[in-house]
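Please keep the sequence and the model in view while reading.

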Amino acid sequence: MSLLKRVMSGALMVSCFLTGHLWAAEAEYSKLNLRPGVTENSQRVFDLHMEVVWIMFAVAGLVFAAILYSVIRFRKSKNPTPAKFSHSTTLEIIWTVIPMLILIYLTKPAIELLLDMEDTSKADMTVKVNGIRWKWEYTYLDEGFSFVSELSTPESQYKDYARTGTEKGENYLLEVNNEVVLPVGKKIRFLLTSKDVIHSWWMPDFAVKMDAIPGFINETWTKIEKPGVYRGVCAELCGELHGFMPIVVRAVPQAEYDQWVAQKLEEKAEAERLAAEAAAKSWSMDDLMAEGKRVYEQKCQVCHQASGEGLGAFPALKGSAVATQGPADDHARLVIYGRGMMQAFGTELTDAEIAAVVTYERNAWGNDTGEMIQPGRVSELKAGN
Amino acid sequence: MAHGHHPTGIKRWLFTTNHKDIGSMYLWFSFTMFLIGGAMALGIRLELFQPGLQFWEPNFFNTLTTMHGLIMVFGAVMPAFVGLANWLIPMQIGAPDMALPRMNNFSFWILPFAFTLLLLSLVTPLFPDGAPNFGWTFYAPLSTKFGPASTDFFIFGVHLMGISSIMGAINVIVTVMNMRAPGMSLMKMPMFVWTWVITAFLLIMVMPVLAGAVTMMLTDRHFGTSFFDAAGGGDPVMFQHIFWFFGHPEVYIMILPAFGIASHIIPTFSRKPLFGYASMVYATASIAFLSFVVWAHHMFTVGMPVAGELYFMIATMIIAVPTGVKIFNWVATMWQGSITFETPMLFALAFVVLFTLGGVSGVMLAMTPVDKQYHDTYFVVAHFHYVLFPGAIFGTIAAVYYWLPKWTGNMYNETLGKVHFWFSIIAVNLTFFPMHFSGLAGMQRRVPDYNMMFEGFNQLSSIGAFMLGFSQLLFLYLVINCIRGGKGKATDRVWEGAEGLEFTHLPSPAPYHSFEQAPEVK
Amino acid sequence: MKENTENTGKPTNYYVPEQSNLPIIGSVGLFVLVLGAGNFIQGTTDTVSQKEGSLPEFMASMGPYVLTLGLLIVFYLMYKWWSTAARESMANMNSAQLDRSYRQGMLWFITSEVMFFAAFFGALWYARVMIVPWLGGEGNNAMTHALLWPDFNAIWPVTTTPDGTTTQAMGPWGLPAINTAILLTSSWTLTIAHHALIDKNRPTLILFTWITAFLGVIFLGLQAYEYYHAYTDLGLTLGSGIYGNTFFMLTGFHGLHVTIGTIFLIVLSIRCSKGHFTPENHFAYEAGAWYWHFVDVVWLFLFVFVYAL
Ligand code: HEA
Ligand code: HEA
Ligand code: CUA
Ligand SMILES: [Cu+2]
């Protein structure tokens with residue numbers, strides 16, 4: 001037995017040390033519970049959560065206490081002759097009924113809260129959220145503009161295959177290029193859908209988690225009470241970069257929000273003007289290549305890789321039939337309308353950007369077809385000619 | 001040739017119709033799968049030890065998660081229980097063997113092939129776009145439109161596993177219904193037999209539904225159907241309904257036999273009869289019945305109509321009641337007993353305690369409004385590992401310690417058994433308890449990388465996981481050691497308080513054909 | 001199961017089975033079968049993602065051969081397995097207990113088959129009662145209709161899918177009604193045959209078992225014609241959206257079961273002619289009859305839910 005005791009106490013000591021050590025580190029963040037959040041519902045969810053936690057602690061504690069007592073009091077050395085009883089209807093009824101009562105007690109607030117959480121009526125504004133592998137597209141339906149928001153943490157921070165350890169920012173993996181700006185104190189209705197697979201739009205501080213399902217539109221809502229920057233993630237496995245699909249909401253007072261909307265509308269008009277201009281003009285090879293490289297790095301590289309050699313399910317473009325042998329029109333159509341796992345880029349990219357990236361792909365990495373395609377042609381293709 | 005003559009060599013195993021040989025093959029198969037699935041879990045924990053991508057491409061990480069879940073569920077837990085059923089049911093009901101022995105062998109031998117098919121997909125030259133990477137729940141359309149080429153082989157693998165499980169389940173029910181010794185009425189059957197009959201019923205009811213789900217996947221992928229595609233009038237969420245109609249009963253398939261095991265071990269080492277035998281039977285049956293009508297509690301965020309959410313919340317919470325009855329009955333069995341703490345008892349006790357913990361977090365998950373926060377986070381991962389590892393796996397380990405002397409005729413090394421126990425229990429909590437916290441704090445499931453605020457908890461989990469994994473090698477050693485002689489001969493009764501035909505009517509080791517003549521049961 | 005719970009009588013000598021090489025042959029056969037099937041469909045249908053020039057393509061070209069080999073092994077296995085079982089049964093090696101086990105085993109097997117169909121009936125129900133109205137904007141899905149599928153008209157049968165695929169529906173009162181009558185008749189003829197078996201009326205037994213099998217063949221012929229009609233005249237195919245999906249999956253799997261049942265009946269007819277069955281010992285015959293009745297009942301559900309409603 002002495003070996004046993006020594007091993008046991010050794011293991012215990014090591015694990016206590018580890019636990020204590022890391023616990024201390026963790027306490028700094030004091031991030032070990034749900035967040036009360038910044039909406040009425042998130043606060044209510046938090047309260048209900050705490051209530052359940054304590055009741056469950058009590059239930060489990062009672063069971064553990066009874067077991068502990070039996071183990072100590074009724075061990076063979078203390079109680080050499082066991083009793084013989086084998087049932088008791090009274091007891092069995094008691095411990096059927098009491099848990100039922102506890103559950104009924106818990107159900108009531110849960111039902112009330114749920115009904116409120118699901119009531120999307122009388123919203124002040126509506127935002128459509130579209131999940132696309134692996135970014136979010138937000139459309140402000142009332143104001144009439146939209147943008148795409150994706151991870152802004154640079155690859156160099158998370159790709160650490162050399163295992164040298166990389167410097168990471170504070171909001172590592174929880175930061176995006178375009179934040180969603182929302183007014184405080186307004187009931188905001190979200191319409192969720194997806195272009196490809198199921199995603200789930202989760203914002204812990206609002207207690208909102210709703211799946212974005214392709215072909216259907218789910219509704220949910222929130223009413224933010226405190227200005228601030230809130231971070232969430234995609235919560236449903238959606239493929240390779242599921243862990244790299246964050247959400248950032250900046251909640252601001254109404255005035256600031258209006259200003260932001262005005263700015264967005266201006267940007268939109270400007271972009272449309274530029275796009276029209278770009279589409280109208282005839283581009284040189286060099287310009288197309290330069291612009292194409294930029295677009296490629298921004299939009300295509302995640303899947304097709306910088307080398308154009310693809311990765312796993314994502315095919316190589318270097319030397320690929322579509323990019324080298326087939327006509328440029330087909331190539332552009334594929335980018336506009338997508339195919340299989342490849343997303344349709346027709347709405348996300350301008351005509352000029354598509355023309356540029358197609359030209360780039362047909363000439364980079366030794367593809368050297370020498371062919372190019374002009375934005376005007378892309379615009380015709382989009383129109384279906 | 002059957003009587004007295006033992007076939008030898010490879011033919012013994014390939015052609016066998018003997019329930020003990022088949023049971024052993026099931027158990028060894030299960031342990032192998034446990035190591036492979038566990039090794040994948042260690043791969044997961046390795047990557048999650050610190051933020052940043054150090055070891056695996058995200059896609060391969062998803063593959064690890066998927067294969068880990070699938071292998072543990074279908075390869076480790078289910079075959080382990082079928083193996084125990086094979087070894088124990090004929091002995092416990094006084095039969096010579098299973099009712100349909102040839103089919104018994106068939107249902108085993110399908111399994112290695114099914115898993116070869118599944119593991120084949122990891123061979124990159126064959127499948128350049130990788131192995132299944134859509135989670136063990138393979139939600140459409142991630143698995144249909146977007147699944148790699150290996151998905152088709154995964155689908156057929158699931159078909160094969162299903163065939164195997166259904167045959168195994170039919171065999172168990174039929175054996176129990178027809179092969180009981182004279183005098184053993186249903187309400188005298190040992191609890192393990194009872195729980196397995198009910199499990200077998202669940203298997204027969206839900207495995208075909210899973211087969212239906214993967215068949216629809218197959219036609220969606222290749223034959224132009226659109227069951228899970230709105231464009232053709234289908235719905236991705238329909239996949240989830242069908243999957244979870246199988247999936248929820250499946251989780252009880254993975255726990256009911258363990259309930260049965262605990263109901264043998266606790267009375268034995270408390271030297272007191274099982275408290276509330278009849279209510280145990282009814283509770284098990286209620287759990288099984290309820291398990292058919294609660295499936296959508298896995299889908300509280302898909303946007304079901306509110307009425308549906310309310311119904312599934314309430315129905316799910318009710319399951320706590322019959323489960324509670326079982327827990328309380330075990331405690332009452334120990335009450336005023338005369339308890340000793342041999343290794344099987346230690347594992348059974350840990351089972352009761354830690355399963356309760358996993359169970360109460362299940363009740364939290366059942367509450368729809370809060371589940372919208374818990375769903376798809378590590379809180380869920382913590383919940384199901386608490387019911388699966390200390391539940392299903394500890395249950396199996398306890399059973400092996402408890403019946404190993406009866407199977408081999410030798411005692412295992414008690415000291416090492418206790419070392420194994422203490423390592424396991426410390427490690428299992430070290431691994432899975434912190435997951436509650438990282439989940440609540442906002443870490444979602446199935447990600448290879450995370451923000452630094454979760455680092456501490458993940459490091460604890462990773463350290464615990466390796467400790468847990470390597471402790472199980474000790475178990476392997478102990479079992480082999482026991483087969484080779486262990487700590488000397490076991491008595492026929494093995495344990496002072498042991499009851500049941502296998503202990504009172506059979507020598508240790510039990511003869512090759514358990515009962516050639518039916519014993520008399522009073 | 002009540003009558004079996006009371007095991008009366010004295011201790012019996014149990015039947016202890018022999019070793020057998022059939023299971024391992026069967027397992028290998030199934031493995032080869034699915035390996036071939038996987039390669040075959042990847043080679044012949046539009047795969048979801050397949051890189052050019054990779055090994056699976058090479059394997060895919062092997063698909064048909066591997067698939068055929070697998071099928072051959074599995075057919076051989078089934079032949080061997082059941083002929084062995086038949087031989088054992090006729091040599092009176094089966095105790096009453098084993099006979100009971102076989103019967104119950106068959107019943108549980110049929111239960112599992114029922115659940116397999118339940119998955120597809122469930123899909124049909126869910127599609128009709130939930131999905132289609134939702135796509136049409138009902139419940140909490142007003143926006144689904146308004147934003148995504150404004151042109152979709154929520155009617156069943158879905159003759160125009162949300163993405164615009166069109167088809168025609170299959171009416172119940174032509175071939176399907178005739179097929180219903182045929183199957184109902186076949187159940188009746190099978191029952192006559194079964195009673196004849198018990199009454200030792202061999203000529204009637206043989207005749208009516210053949211008639212039943214023959215009705216099965218006619219059913220299959222008509223169904224094949226119906227499919228042909230659907231594909232060529234109605235434009236109703238497996239790919240015509242959820243209506244075509246559920247229609248062909250349900251009737252198709254049912255047809256597969258009728259095929260199996262018909263083969264079963266033909267084998268039984270031959271065995272009847274050879275005098276294999278006695279009034280006391282004819283488990284195989286009963287299993288076949290149960291299976292046939294099960295297939296029949298599934299058809300009634302099909303007729304109601306797929307065609308009529
Ligand atoms: C062995 C397997 C097993 C078992 C037994 C259980 C048991 C239970 N599970 Fe669990 N569960 C899983 C395996 C299991 N689960 C898995 C694998 C998943 C994740 C799947 C995936 O997504 O990958 C999951 C996920 C899961 C979810 C979905 C979470 C989410 O994704 O958002 C929910 C929600 O309701 C849930 C609930 C429950 C409940 C209520 C029980 C109950 O049966 C528990 C009952 C037990 C007790 C309650 C304790 C003892 C009782 C008492 C002491 C009496 C008094 C108690 C009270 C009054 C509360 N489980
Ligand atoms: C019974 C089922 C079971 C069991 C026993 C386990 C055991 C373990 N599980 Fe698992 N787990 C699941 C079922 C199970 N799991 C399921 C269903 C999922 C969900 C999957 C999904 O999301 O789709 C999951 C998911 C899951 C995750 C989440 C992954 C993610 O979301 O990305 C994690 C993360 O830590 C994890 C960890 C572990 C660990 C550390 C163990 C440890 O207990 C493992 C202990 C280790 C060993 C036993 C290995 C021993 C081997 C050696 C020492 C090496 C020798 C090797 C060889 C000879 C090959 N599991
Ligand atoms: Cu998008 Cu996960
Ligand atoms: Cu469940």
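What distance separates the iron atom of ligand 1 from the copper ion (ligand 4)? In this model the separation is 4.6 Å. The model is predicted, so local features are taken only at pLDDT of at least 70 and side-chain atom pairs only at pLDDT 80 or more, whereas totals for chains, interfaces and linings use all residues. Residues are numbered from 1 along each chain as its sequence is written, chains are lettered from A and ligands numbered from 1 in the order in which they are written, and side-chain values use heavy atoms, with hydrogens and water left out.

Consider the two metals in turn. Donors are N, O and S atoms within 2.8 Å of the metal (3.2 Å for Na, K and Ca); water is not among the atoms, so sites may look incomplete. B:His383 belongs to helix H14 of chain B, residues 378-408; helices (H or I, at least four residues) and strands (E, at least two) are DSSP runs, numbered from the N terminus. The copper ion (ligand 4) is coordinated by ND1 of B:His248 and by NE2 of both B:His297 and B:His298, at 1.8 to 2.1 Å. The spacing of these donor residues in sequence is H-x48-H-H. Buried means under 20% relative accessible area, exposed over 50%, and partly exposed in between (1.4 Å probe, protein chains only). B:His297 has 13% and is therefore buried, while B:His298, at 22%, counts as partly exposed.

Ligand 1 itself lies between chains A and B. An oxygen atom of ligand 1 is 2.7 Å from an N or O atom in the side chain of B:His375, and a polar side-chain atom of B:Trp136 lies 2.8 Å from an oxygen atom of the ligand. Helix H12 of chain B gives the most to the shell around ligand 1, with seven residues.

Chain A also contains an open sheet of five strands, in the order E3-E2-E1-E5-E8 with mixed pairing; two strands pair if DSSP finds at least two bridges between them. Strands E3 (145-149) and E8 (218-222) of chain A stand at the edges with a single partner strand each, so one side of each has no neighbour in the sheet. Within this sheet, strands E1 (residues 125-132) and E5 (residues 188-194) of chain A run parallel and are joined by seven bridges. Along that pairing, A:Met125 stands opposite A:Ile188.

Conventions
A residue is near a molecule or strand if one of its heavy atoms lies within 4 Å of it. A polar contact is a pair of N or O atoms within 3.5 Å; within protein, one must be able to donate a hydrogen and the other to accept it, and residues adjacent in sequence count only if both atoms are side-chain atoms.
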